[in-house]
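Let's take a walk through this one together. Have a look at the model first, and then we'll go through it piece by piece.

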Amino acid sequence: MFKIFITLQWKSFFRSSSMGKGLLLKSLMAFFAIYMLALLVFSGGTLYFVLKKISPDASPMWTLSQYLVYWVLAEVLFRYFMQKLPVMDIKPLLLQRIKKSSIAHYILARSGVSAYNLMALFFFVPFGIVLLYQGYPPLNIITWLFSILGIVLSVNYINFLINKSEKALIVIGSIIVLFFALDYFGLLMARDFFGPIFNGLFAYPGTVFIPLLLALSAYFINFKFLRNRISLDESLKAKSTEAKTSDLAWTRKFGDMAPFLQLDLRLIWRNKRTKSQVFISLLFVFYGLIFYTQEIYAQMYPMYAFLGIFMTGIFLTNFGQFIPAWDSAYYNMMMAQNIPLRKYLESKALLISVSVVVMFFLTIPYSYFGWDVLAINFATALYNLGVNIPVILFFGSLNKKRIELDKSPFGNMQGTSATQFLIILPVLGAPILLFTGLYFLVSLEAGVIALSLLGLLGLLFRDKLTALITEQYRIKKYGMIAGFKEKNS
Amino acid sequence: MITVDKLTKVYGNQTVLNLDHIEIPKGQSFGLVGNNGAGKTTFFSLLLDLIRSTSGKIINNGVQVNTSEAWKPFTSAFIDESFLIGYLTPEEYFYFIGELRGRNKADVDALLSRFEDFFHGEILGQKKFLRDLSKGNQKKAGIVATFIGNPKVVVLDEPFANLDPTTQIRLKAIIKELTQNKEVAVLVSSHDLMHVTEVCKRIVVLNKGEIVKDIQTSVETLKELETFFTG
């Protein structure tokens with residue numbers, strides 16, 4: 001029975017649309033996947049030395065154990081959002097002569113080998129190998145790795161259990177915050193409390209059975225739960241959420257653009273992928289902290305220009321690159337309906353402009369690292385507003401890949417084509433090159449002024465540019481309609 | 001109202017549509033029947049300028065559809081789910097279409113109140129997004145949306161499919177009422193011969209992209225169509 005399931009799985013993977021993508025895209029995706037794996041292996045491999053540096057007197061294993069509780073909690077939280085039990089594609093199996101219990105085993109076993117679980121192994125196994133070379137006892141290392149595997153699998157299966165309620169999320173979230181706060185203010189050392197427990201998994205090889213048993217019991221609770229609920233109306237039915245509506249009356253101020261603006265806001269708010277784009281964009285405000293705080297980057301202005309363009313333009317690139325594919329599911333209607341294309345595009349531009357301004361304001365605290373940071377961020381924000389918005393809208397007319405809005409956002413490459421990689425060059429590359437050139441040839445001020453001026457020019461000629469882009473969309477109309485119709489591209 | 005002239009659509013070396021001449025007068029209820037691949041949806045897509053014709057032209061109320069967009073204000077259509085916006089509630093969708101067609105909320109509400117029967121209490125005030133409605137209910141919403149803003153041409157592709165019997169009967173009444181005073185031309189395609197003969201004053205049969213019959217509906221029409229499709 002399992003052989004059949006595995007062949008099905010195999011086919012679904014190799015016949016999936018992502019495999020049929022263009023060679024360029026395929027190799028780029030492969031490259032990124034390998035890069036991510038390499039990064040994990042590398043950080044796992046160097047973890048020992050990093051930990052040694054952080055607290056030289058303690059054993060790295062001891063130090064690591066203190067933080068493992070946060071890793072577990074973070075993993076639970078992360079998976080809560082990202083990982084769902086893959087139940088939808090077993091519908092066709094229901095009517096066949098297959099025992100429900102084998103279907104349940106299949107679903108659960110399949111989730112056991114998911115990428116989420118492998119990621120942890122790619123991190124911890126290299127760490128274990130380094131430990132081996134550092135003369136730690138092999139038996140302890142091997143059992144510890146199995147314990148980690150047990151923890152990963154427990155998290156994997158416990159997630160499916162808590163995934164059923166929103167309350168669980170709040171509980172986990174508060175636990176993390178509480179632990180962290182208690183720890184931070186020195187009231188109760190969560191690290192001190194959990195550190196020895198996790199370290200025990202290493203110190204006493206026999207304890208390996210605890211996490212493995214935990215994983216096993218989580219598996220069976222899931223199994224029992226699932227076996228009784230494999231029917232169309234229970235676990236297989238996609239949950240529909242109650243629609244909360246607001247009429248967004250304030251958008252009226254924008255006149256003709258209002259209906260499109262409302263549509264875009266609802267688009268963003270009511271679909272997982274777009275919603276996560278917003279959160280990710282907001283998180284990227286902290287990206288600067290990584291660089292501004294490091295001395296090697298101090299006064300490295302080309303880097304600052306990159307940060308400016310990137311941080312103020314994160315939503316611009318994330319959201320903008322897929323215009324108009326966000327509307328692909330109903331693009332037919334948009335084209336047959338009485339819609340002034342220009343207003344449609346202007347509304348998108350407005351939305352992105354607001355994001356750029358907001359991101360700029362959020363990056364103002366970085367002026368703590370010098371007024372030049374503020375000046376560069378201001379110039380890059382202007383450049384994003386004036387030049388990059390038209391550029392990204394223009395490239396949008398090359399989008400022909402459909403986006404299914406209700407698909408999970410994580411690792412979702414839907415809608416991605418060579419266009420997306422083409423866009424990066426002018427949007428990120430051009431301003432940084434220009435700035436860098438002027439900075440080295442003339443001065444920092446020249447770079448800042450040039451970017452600002454270009455931005456202002458773009459704003460000044462916005463009408464002309466929009467007309468040009470609108471025409472482009474009109475020309476590409478048939479290609480877009482045909483492309484967006486293909487469900488599996 | 002609508003003039004089709006030497007219209008062809010060719011994919012590769014396959015001609016999927018080849019219409020020499022069709023004239024659809026104002027206010028006609030026009031039915032399009034044919035087996036799968038006959039070219040019904042292709043014709044509607046061309047009429048809405050969603051695909052490019054290989055040759056020939058369609059003129060809608062004096063506007064050539066692939067060169068000007070001036071036909072949009074008086075034309076509305078429901079072809080398939082790709083005409084619905086899944087993440088809106090039906091109300092929001094109606095208001096959005098209303099905005100596009102220059103109708104405010106009150107206008108739209110007034111229009112919707114006339115279709116309460118048709119909705120059968122399953123569309124309005126359900127607190128559900130369109131994507132979560134059943135296929136039949138999605139269709140109801142899509143069809144009613146085409147009536148917003150006094151269109152002169154309404155295009156409905158397979159409007160009867162997926163509807164329950166009660167709704168089918170109500171839809172027939174609505175279409176008849178719409179074309180009664182010869183103001184609105186309704187173009188309907190269907191696989192159900194009975195429904196089209198009942199609703200449409202004129203029926204065109206397509207086969208492999210060509211017109212094989214063009215009939216003014218009479219009592220014998222259903223028989224005639226059945227004989228044609230049996231053979």
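Two residues are in contact if their C-beta atoms, placed from the backbone, lie within 7 Å. With that in hand, take Val186(B): leaving out residues up to four places away in sequence, Val186(B) touches Ser29(B), Phe30(B), Val154(B), Leu156(B), Ile175(B), Leu178(B) and Thr179(B).

Before going on, a word on the ground rules. This is a predicted model, where local features need pLDDT of at least 70, side-chain atom pairs count only at pLDDT 80 or more, and totals for chains, interfaces and linings use all residues. Residues are numbered from 1 along each chain as its sequence is written, while chains are lettered from A and ligands numbered from 1 in the order in which they are written.

Val186(B) also turns up among the residues with the most contacts inside the largest nonpolar core, alongside Tyr93(B), Val155(B), Leu187(B) and Val188(B). That core has 135 residues. (A nonpolar core is a set of buried Ala, Val, Leu, Ile, Met, Phe, Trp, Tyr and Cys residues joined through C-beta atoms within 7 Å; buried means that 20 or more other C-beta atoms lie within 10 Å of a residue's own.) Helix 17 of chain A, residues 371-396, gives the most to this core, with 15 residues. (Helices are DSSP runs of H or I, at least four residues, numbered from the N terminus.) There is also a second, separate core of 33 residues, and Val69(A), Val76(A), Ile107(A) and Trp144(A) are included in it.

Now for where the chains meet. Chain A puts 23 residues into the contact and chain B puts in 26. On chain A's side, helix 10 (258-270), helix 15 (331-336) and helix 21 (477-485) each give two or more residues, and helix 10 has the largest share, five residues.

Helix 10 of chain A has a neighbor worth a look, too. Its axis and that of helix 11 of chain A (residues 272-283) come within 5 Å and cross at roughly 90°. (Axes are lines fitted to C-alpha atoms over the stretch in contact, with angles from 0 to 180 degrees between N-to-C directions.) The two helices are therefore roughly perpendicular, a label for angles of 65 to 115 degrees. Leu267(A), Ile268(A) and Trp269(A) of helix 10 meet Thr274(A), Lys275(A) and Val278(A) of helix 11.

Finally, the axes of helix 6 (residues 138-162) and helix 9 (residues 209-227) of chain A come within 7 Å and cross at roughly 25°. That makes helix 6 of chain A roughly parallel to helix 9 of chain A, the term for angles under 35 degrees.

Definitions and conventions:
Angles under 35 degrees count as roughly parallel, over 145 as roughly antiparallel, 65 to 115 as roughly perpendicular and the rest as oblique. A residue is buried if 20 or more other C-beta atoms lie within 10 Å of its own, exposed if 12 or fewer, and partly exposed in between; C-beta atoms are placed from the backbone.
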